[in-house]
Amino acid sequence: MPRLIDAALITETVAELCVTANLCVSPDIRAALDGARSCESSPLARTVLDMLLENADIAERERLPVCQDTGMAVVFVSVGSDVHVEGDMTQAINEGVRRGYRDGYCRGSVVGDPIRRVNTGDNTPAVIHYDFEPGGHLTITVAPKGFGSENMSAVRMLNPSDGLSGAEDFVVETVRAAGANPCPPVIVGVGIGGTMDKAALLAKQALLRETGGAHPDSFWAEAEARLLARINALGIGPAGFGGETTALGVHILTYPTHIAGLPVAVNIGCHATRRRTAVL
């Protein structure tokens, strides 16, 4: 029997996720910031990390956005094969974004046309990615993406002969070029494989993984650790003021690719890297 889910419940859920994601720093990122604070040797860097943690405390206590750039709403939806949505799911998601950004006093940052640039006034439409899986659940993740970090992201079509070392060099150079712009300490999402668009999506999805854990494949776990060490050796530091904490984590996702290609994408997340998930 199909499981029926009313579109109104989706709207309500998305609205709540938009508010929570923008007002509350995720526990794993808080823990990563705390850990960085305890290991950081630079007094100025420690002061910046203290300020970031204090800002997170104030935002959650006072019910205020963590950052003035409350981002463009990116929504990942995994639809179970037994789920039937009563109503228009895309419309329901956008209505949830509309309500959530209004109720959370979050800035409307979306323009309706990339060149004529008239603000839509309610932060819609969202960028929505649908996926399908077996079962009777609907999983929704809202990941508001600020453009201080989004603008520093990049894709490069490498040659297969460039190999892992070429991919790693590209990731490090992307973070180096970004400098202080993405509000470090950052989380670095890396997508390798597929096509140009698939690699970019993988890089963004990599930011959804909890910070602090290692890749389940030891080959890629070692690559993540190696990249994190190289990135932190850049000395950019919290807010770009120097120090040992330029990144809190590097997360890699991969996908099979063509014999002639090696697409690599980097999607940088700011120190708050906002995301919240609900399962219906």
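Eight bridges connect strand 2 to strand 5 (residues 138-145), and these two strands run antiparallel. The model in which this pairing is found is a predicted one. Within the pairing, phenylalanine 76 has threonine 141 of strand 5 as its bridge partner.

Strand 2 also pairs with strand 4 (residues 127-133), here in the parallel sense and over seven bridges. In this pairing, glycine 80 stands opposite glutamate 133 of strand 4. Strand 2 spans residues 72-80, and eight of its nine residues are buried, so the strand is largely enclosed by the rest of the structure.

Helix 8 comes next. Helix 8 covers residues 218-232, which makes 15 residues. From the first C-alpha to the last, helix 8 reaches 21 Å, close to the 21 Å expected at 1.5 Å a residue. Its buried residues are Trp220, Ala221, Ala223, Glu224, Leu227, Ile231 and Asn232. These residues cover an arc of only 160 degrees around the axis, and therefore lie on the same side of helix 8. What do the buried residues of helix 8 pack against? They pack against helix 6 (163-178), strand 7 (186-194) and strand 8 (247-257). At the start of helix 8, the backbone nitrogen of phenylalanine 219 has a side-chain oxygen of aspartate 217 within 2.9 Å.

The loop between helix 8 and strand 8 contains alanine 239. With a relative accessible area of 32%, alanine 239 is partly exposed. Apart from neighbours within four places in sequence, alanine 239 is in contact with Val48, Ala180 and Pro184. Proline 263 lies 24 residues from alanine 239 along the chain, and the C-alpha atoms of the two are separated by 30 Å.

The cysteines remain to be considered. A disulfide is a covalent bond between the sulfur atoms of two cysteines. How many disulfides does the structure hold? The structure holds zero disulfides. Is cysteine 270 buried or exposed? At 16% relative accessibility, cysteine 270 counts as buried, because buried means under 20% relative accessible area. Cysteine 39, by contrast, is exposed, with a relative accessible area of 62%.

Technical notes:
Residues numbered from 1 in each chain as written. Predicted model: local features only at pLDDT ≥ 70, side-chain atom pairs only at ≥ 80, totals over all residues. Heavy atoms only, no water. Helix = DSSP H or I, 4+ residues; strand = E, 2+ residues; numbered from the N terminus. Expected span 1.5 Å × (residues − 1). Buried < 20%, exposed > 50% of the residue type's maximum accessible area, 1.4 Å probe, protein only. Arc of directions from axis to C-beta. Contact = heavy atoms within 4.5 Å. Polar contact = N/O pair within 3.5 Å; in protein donor to acceptor, adjacent residues only side chain to side chain. Pairing = 2+ DSSP bridges. Disulfide = S-S within 2.5 Å.
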